[in-house]
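Please examine the sequence and the structure shown below. The paragraphs that follow lead from the whole interface to single pairs of residues.

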Amino acid sequence: MALTMERLGVWIGAALTFAIYSFLYKDNPVYKIAEQIFVGISAGYWFIYTIFNILKPNLYTPLTSDFGNNTLLVLPAILGIFMLCRLVPKINWVSRYAISVVVGTTAGLALIRTLQSDVITQMSETIMNPFSGPNAAVILGKWILIIGTTTGIIYFFFSKKHTGAFGATAKLGIVFLMISFGAAFGYTVMARISLLIGRLQYLLGEWLGIIQP
Amino acid sequence: MKRQFPLVITFVVGMLVIVSQFIPHQPFGHLSDTLESWFLIISGFAILLGQLNLLKVNIIKIHRKVRNWQYYIVCVVSFVVMITIGILWGTQDQPGLLGQGSALVSFFGRKPFDYIFKHFFENLSATMFSLLAFFMASASYRAFRARNLESSLLLISAVLVMLGRTTIGTWLTGWIPEDLTYLHIPQIANFIMKYLQKTGQRAIMICAGLGIVGSSLRIILGIERSYLGGK
């Protein structure tokens with residue numbers, strides 16, 4: 001029976017794939033149904049994932065197994081219930097208390113961690129000896145990294161008008177940024193194409209059995 | 001009180017997290033960890049809130065019979081089915097209220113929740129994202145028109161990266177002698193990804209990082225209050 005259900009599952013997968021691709025022709029009821037199934041199932045999946053993987057191990061299990069040592073966890077539980085009060089218009093203001101804890105923690109963590117990982121680490125990685133390297137390509141690469149990053153940052157500095165030498169440097173920054181955007185775009189296109197190839201492999205392999213999956 | 005107290009909480013919590021990063025001694029030592037675990041729990045409730053709000057919005061749409069309301073029934077049914085089977089029989093490594101559901105496992109070959117995940121969710125999400133490949137083709141046409149220096153650079157680097165990731169890119173420059181490998185398209189694509197692409201990403205990362213630091217300070221100091229909503 002399990003084998004039949006597995007086969008049925010592959011047929012369902014193929015039908016849903018065609019239903020989504022039917023949008024390429026035009027918006028139609030079949031696509032809309034598949035889209036709503038996707039939304040419903042995604043939401044349901046994350047709901048269950050949150051319960052089993054976040055709330056159960058971090059809140060339910062510690063409170064039920066050892067309440068004495070985890071009494072403080074009652075506080076986030078109450079704040080979590082406050083958060084759900086957002087759904088009740090008359091008392092939705094109590095959710096602000098929970099939101100303020102989340103926002104405060106996020107802001108505090110973001111301030112320190114972003115400063116460490118995104119600002120200081122990236123800056124220190126850019127400060128390097130551009131004259132040393134195993135070959136010319138690496139040395140050239142280092143120069144590009146230093147000049148590109150510096151001019152790119154200058155481009156994002158809007159407190160000074162982009163004129164004269166400052167403007168010329170900012171313009172050079174745009175050049176590096178455009179090359180970077182182009183590369184990122186090309187890379188993303190290839191990622192999407194590989195997903196498309198994956199779908200074709202599914203249809204021709206798992207569903208029709210024409211190619212080896 | 002309804003607005004001032006949350007601002008005080010944000011300030012106190014935000015400052016405690018910052019201070020605890022610099023003072024590794026009690027009572028600040030474990031404060032950051034405690035607040036992070038609280039944050040995780042409350043965020044979990046926030047995720048549930050989002051899903052329940054989706055359900056509420058869809059039910060309202062069905063009740064009011066808005067345009068195309070029939071499709072929202074599909075969404076609600078899918079959502080309820082997924083939650084029900086998840087709670088009753090659990091997921092791959094978690095038992096549900098009715099245990100592991102061994103009878104259903106032998107029928108479906110896996111738990112019902114995982115069956116829907118594999119055959120519905122995985123296929124739908126992969127197809128939905130692969131659909132973007134087609135729309136990117138039209139976006140590429142608009143973005144890649146070489147009108148000026150900047151768009152020409154965008155075009156050239158994107159084409160080189162795309163060619164470098166395909167067999168045709170290797171084939172096009174395969175005839176170039178070994179001692180000139182740096183002229184091979186895959187090598188050029190690798191160079192672009194390793195250095196040129198990194199410059200832009202690094203500049204954006206540093207500037208965005210400074211922006212995040214500024215925004216975080218504004219939130220902690222109560223200058224930015226939009227997250228409280230309403231008046």
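How much area do chain B and chain A bury between them, and what share of it lies on carbon and sulfur atoms? In this predicted model, the two chains bury about 10,800 Å² between them, and 80% of that area is on carbon and sulfur atoms. The size of an interface is often expressed in this way, as the accessible area lost when the parts come together. The interface may also be described by its residues: 115 residues of chain B are in contact with 117 residues of chain A.

Polar interactions also join the chains. Between chain B and chain A there are 20 residue pairs in polar contact, counted where both residues have a pLDDT of 80 or more. Several elements of chain B give two or more residues to the side that touches chain A, namely α1 (4-22), α2 (31-64), α3 (69-89), α4 (102-108), α5 (112-143), α6 (149-164) and α8 (185-220). Sorted by class, this side of chain B has 74 nonpolar, 31 polar and 10 charged residues.

The charged pairs may be considered next. Over all chains, the count is four salt bridges, and two salt bridges are found between chain B and chain A. In one salt bridge, the side chains of R113(A) and E36(B) meet at 2.8 Å, taken from N to O. In another, the side chains of E6(A) and R110(B) meet at 3.0 Å, again from N to O. This second pair crosses between chains: E6(A) belongs to helix α1 (residues 2-21) of chain A, whereas R110(B) lies in the loop between α4 and α5 of chain B.

Two packed helices are described by the angle between their axes and the distance between the axes. Helix α6 (residues 164-207) of chain A packs with α6(B) at an angle of about 35°, and their axes are 7 Å apart. The crossing of α6(A) past α6(B) is right-handed. Among the residues of α6(A) in this contact are I174(A), M178(A), F181(A), G182(A) and G186(A), while those of α6(B) include L149(B), E150(B), L153(B), S157(B) and V161(B). By class, the contact between α6(A) and α6(B) has 15 nonpolar, three polar and one charged residues.

Notes
Residues numbered from 1 in each chain as written. Chains lettered and ligands numbered in written order. Predicted model: local features only at pLDDT ≥ 70, side-chain atom pairs only at ≥ 80, totals over all residues. Heavy atoms only, no water. Contact = heavy atoms within 4.5 Å. Buried area = accessible area lost by both parts, 1.4 Å probe. Polar contact = N/O pair within 3.5 Å; in protein donor to acceptor, adjacent residues only side chain to side chain. Helix = DSSP H or I, 4+ residues; strand = E, 2+ residues; numbered from the N terminus. Nonpolar A, V, L, I, M, F, W, Y, C, P; charged D, E, K, R; others polar. Axes fitted to C-alpha atoms, helices over the stretch in contact; angles between N-to-C directions. Left-handed = near helix turned anticlockwise from the far one by under 90°.
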